[in-house]
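Subject: Structure for your review

Dear colleague,

Please find the structure below, together with its sequence. My notes on what was found in it follow.

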There are 2 protein chains.
Amino acid sequence: MLKFENLLQKATHNLTGNITDKDDEAKTGPARVVVVGAGFGGLNVVKKLAGKEGVEVELLDRNNYHGFWPLLYQVATGALLPGSIAYSLREIASHHKNLSFRMTEVQQVDLDQKKLATDTGEIGYDYLVLAAGSANNYFGSESIPHNSYSLKDVDEALDLRESILSSLERASVETDPEQRRFLLTFAVVGAGPTGVELAGMLAEVLVPLVRKEYPNLDAAELRLVLVEAHTNLLESFPKGLQKVAGKHLEKKGVEILQNSPVTAVENGTLTFKDGRTFRANTVIWAAGVTASTLGQGLGIKLAHSDRVPVEPTLNLKEHPEVFVIGDMAYLEGYKGQEAYPMVAPVAIQQARVAAANILASIREQPLNKFHYFDKGNMATIGRKDAVVDAFGIQLHGQLAWLTWLLVHLYFLVGFRTRVLVFLSWAYNYFTYNLGARFLGGKRHQDRKEIITF
Amino acid sequence: MLKFENLLQKATHNLTGNITDKDDEAKTGPARVVVVGAGFGGLNVVKKLAGKEGVEVELLDRNNYHGFWPLLYQVATGALLPGSIAYSLREIASHHKNLSFRMTEVQQVDLDQKKLATDTGEIGYDYLVLAAGSANNYFGSESIPHNSYSLKDVDEALDLRESILSSLERASVETDPEQRRFLLTFAVVGAGPTGVELAGMLAEVLVPLVRKEYPNLDAAELRLVLVEAHTNLLESFPKGLQKVAGKHLEKKGVEILQNSPVTAVENGTLTFKDGRTFRANTVIWAAGVTASTLGQGLGIKLAHSDRVPVEPTLNLKEHPEVFVIGDMAYLEGYKGQEAYPMVAPVAIQQARVAAANILASIREQPLNKFHYFDKGNMATIGRKDAVVDAFGIQLHGQLAWLTWLLVHLYFLVGFRTRVLVFLSWAYNYFTYNLGARFLGGKRHQDRKEIITF
């Protein structure tokens, strides 16, 4: 398939298609494309440009891996190995001569000089793709980021996993009943897909784990609370599925606190907007994201959530050689005139358009506009249960879960990660050994080590 | 097998065998056995006492896992998952009613009061097994522990792995040739089995990794040095195998620096006793161990390497209810009158004797003396190569490696870990994907993350 594409590419390629750039020393060489960020957007730009003539691609990321974040919550609960959802960027880059990878943090973009300032020196470009994604949105709170866990990368997921297991260990030797119940209370803030999946998973993992391996603890003292600022959970789903998800979560033992916007988290106390408080030793923030701060240095007026406004061809009006995609990009057109949501399918589809437009630009062909093909929404509510809303069909329960599983397996980057994830799932499914069987090492504060196998 | 043992146990058990202890409230209850440390020694005591009537066993460890340390060097090089060599202590304890586990750090032993001071409160005992193992021996140097990596637990192995990969990343953007060669120099100090295995593995992993995934680097600039204080590597092996190991290592590209005792490591410079120096960005300390500091608070005159002198029945002369085994114990009798070496087989065999002696003591039967059955020595020198000295037979090469592999697989604690390790090895073997395919997450100093997949 790839070979055929290469042949086709060679046959049709316009060799004179390099752009003219007055600063470019080697005008007859390939165009230098720099891609910032190796999430769903950046990675798909790179995949699309891999092996193509006329372009030389350098991928930049501050980590050395692509993370399959939709499954990160499973790492946090110990159901999956971090390695199962991470894919080596050097490995990807090593398969094609026109790709290279650099582990670096981009500090500033100089649009006029066409170069980036990074912590490993300056990097020039002919074409730039900004795909640096998003960060957690704490809505201005200073206390929340320091007193809650979140799920933005492998390291955060491992920190959370460590905290969950430490809470159990501490509770198992705690003699004060109130303090013990506090240690056993987990609050997930935000009832979007991430929050719902995490809350469902925690319920499924913690209850049997405590029953089986913590004879000193009473599983009835575990308390899992899903906190949502608004009325509905899974806001982007149809009403029917929202209700199903809520019922199923409650059946698993998850309490749902609606209409409870959190304004502060301090010393294990969540404070809500109306002054109410709630005590939980482990607080997980899944209440929203805002675009990468990289957009702020561009000298462009940013849109909602600090996203960078782009043309329908996904590049900047004043700098057509700069493309912005995924969570960082602001473009209206979703369901009429909303901005496209900050979700993986948008990033992936924008990546393909951006990559094609770079090639078109090199060949001096007209650029394509981005059109979104909405494949729908899905979220799991634990093992064997999910809600799916796609192509006008709404599913829940086991069939929905199977759909969710197949779709996620299909999109996992490499063959090996796919096999690993599948084997882990199969193992967990048949042995009921969900959780606490996979590991990663993190140093505990007092140098004890917790591992989840 | 286990069931049969239990039946046998029930049939022959002397129910009146509890010791009398004036501080024990429930004199008719089972004897309370506390085991400190879940290494090879402690774990085997627990396994031996599992399901036995008349004893209630509490296992204490500051980590929540048993680590199969002989394969830790493979975690450090990314060839194995940390999870493949770690086994959940709560999982082990959950299989038997008379076992429990507590994650805690023992601070002091009060032999007279028969109780332990720990960071989770006081713990009383009728019988105590001290099996806290050993720590690195830096021979009094203050600089070495802060400026070198070592291989004593999963966390240290992951720190080392992180450093190795960071060095490659930094070297790949380093323009100064001298600094680049410095970043690419790795020194392993100590040519015992751990040092030899690590050096061999590093050579096999790093050279192909750099060739394949670091196009900016020249694999010829990699430098791997094995530093040994004395003349011979693998001191405990026969001369012939020492030579074979040395030759094979050199063939893989490992330089061997003999007669070079290291006295300091600072800013990437190793200083030798004779004043010579050597520059290496990554220094790994594998030059010896000393017994756990727990022995120092016992009020007993300690032997060489701070080991606790024990009777041939493995308990203390003045406190026969306290057993000390493994690296912590000092007992002569090896090869005539040497102290038994600090190796896993000694700890395992002592554990069985200690456990049997605790049961014998409860039943008021005579205790057994420890007799060591020496099964020999083995060490790998990379994939498909090892040296084995056992039962008077000396092997090297592929057959020795196969022996090594089977023995290590056999001794891996659980079925699942055995399967995982085997699959990982098979995968690496057939795909030539050794290294950089397995992961664990560690936060880089500047919040970048390196993962080895």
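How many bridges join strand β9 of chain A to β21(A), and do these strands run parallel or antiparallel? Three bridges join β9(A), residues 127–130, to β21(A), and the two strands run parallel. Within this pair, L130(A) stands opposite V324(A). Please bear in mind throughout that this is a predicted model.

The sheet in chain A

Strands β9(A) and β21(A) belong to an open sheet of five strands, ordered β5-β2-β1-β9-β21, with parallel pairing. Its edges are formed by β5(A), residues 99–103, and β21(A), residues 322–324, each of which pairs on one side only. On average, neighbouring strands of the sheet are turned by 20° against each other, with direction ignored.

Chain A overall

The secondary structure of chain A comprises twelve helices and 29 strands. Of the 453 residues in chain A, 48% are buried. Among contacts in chain A with a separation of 6 or more, 65% are between residues 24 or more positions apart.

Helix α2 in chain A

Is α2(A) largely enclosed by the rest of the structure or largely open? Eight of the ten residues of α2(A) are buried, so the helix is largely enclosed by the rest of the structure. The buried residues are F40(A), G41(A), G42(A), L43(A), N44(A), V45(A), V46(A) and L49(A). Their cover includes strands β1 (31–36), β2 (55–61), β3 (65–67), β5 and β9 of chain A, as well as helix α10 of chain A. After α2(A) comes G51(A), which has a positive phi near 80°.

The packing of α2 and α10

Two packed helices are described by the angle between their axes and the distance between the axes. In chain A, the axes of α2 (residues 40–49) and α10 (residues 344–362) come within 8 Å and cross at roughly 35°. This crossing of α2(A) and α10(A) is right-handed. On the α2(A) side the contact is made by F40(A), G41(A), N44(A), V45(A), K48(A) and L49(A), and on the α10(A) side by A344(A), A347(A), I348(A), Q350(A), A351(A), R352(A), A354(A) and A355(A). By class, the residues of the contact are nine nonpolar, three polar and two charged.

For chain B, the axes of α2(B), residues 40–49, and α10(B), residues 344–362, come within 8 Å and cross at roughly 35°. The crossing of α2(B) and α10(B) is right-handed. The residues of α2(B) that meet α10(B) include F40(B), V45(B) and L49(B), and among their counterparts in α10(B) are A347(B), I348(B) and A351(B). Nine nonpolar, three polar and two charged residues make up the contact of α2(B) with α10(B).

Beyond its neighbours within four places in sequence, V387(B) is in contact with residues including L234(B), F237(B), L241(B), M378(B), I381(B) and H396(B).

In chain B, strands β25 (residues 377–380) and β26 (residues 386–390) run antiparallel and are joined by four bridges. N377(B) stands opposite D389(B) in β26(B). The hairpin of β25(B) and β26(B) has five residues between the strands, and G382(B) takes a positive phi near 100° there.

With kind regards

Conventions: Residues are numbered from 1 along each chain as its sequence is written. Chains are lettered from A and ligands numbered from 1 in the order in which they are written. This is a predicted model: local features need pLDDT of at least 70, side-chain atom pairs count only at pLDDT 80 or more; totals for chains, interfaces and linings use all residues. Two residues are in contact if their C-beta atoms, placed from the backbone, lie within 7 Å. Axes are lines fitted to C-alpha atoms, for helices over the stretch in contact, and angles run from 0 to 180 degrees between N-to-C directions. A crossing is left-handed if the near helix is turned anticlockwise from the far one by less than a right angle, and right-handed if clockwise. Ala, Val, Leu, Ile, Met, Phe, Trp, Tyr, Cys and Pro count as nonpolar, Asp, Glu, Lys and Arg as charged, and the others, Gly among them, as polar. Two strands pair if DSSP finds at least two bridges between them. A residue is buried if 20 or more other C-beta atoms lie within 10 Å of its own, exposed if 12 or fewer, and partly exposed in between; C-beta atoms are placed from the backbone.
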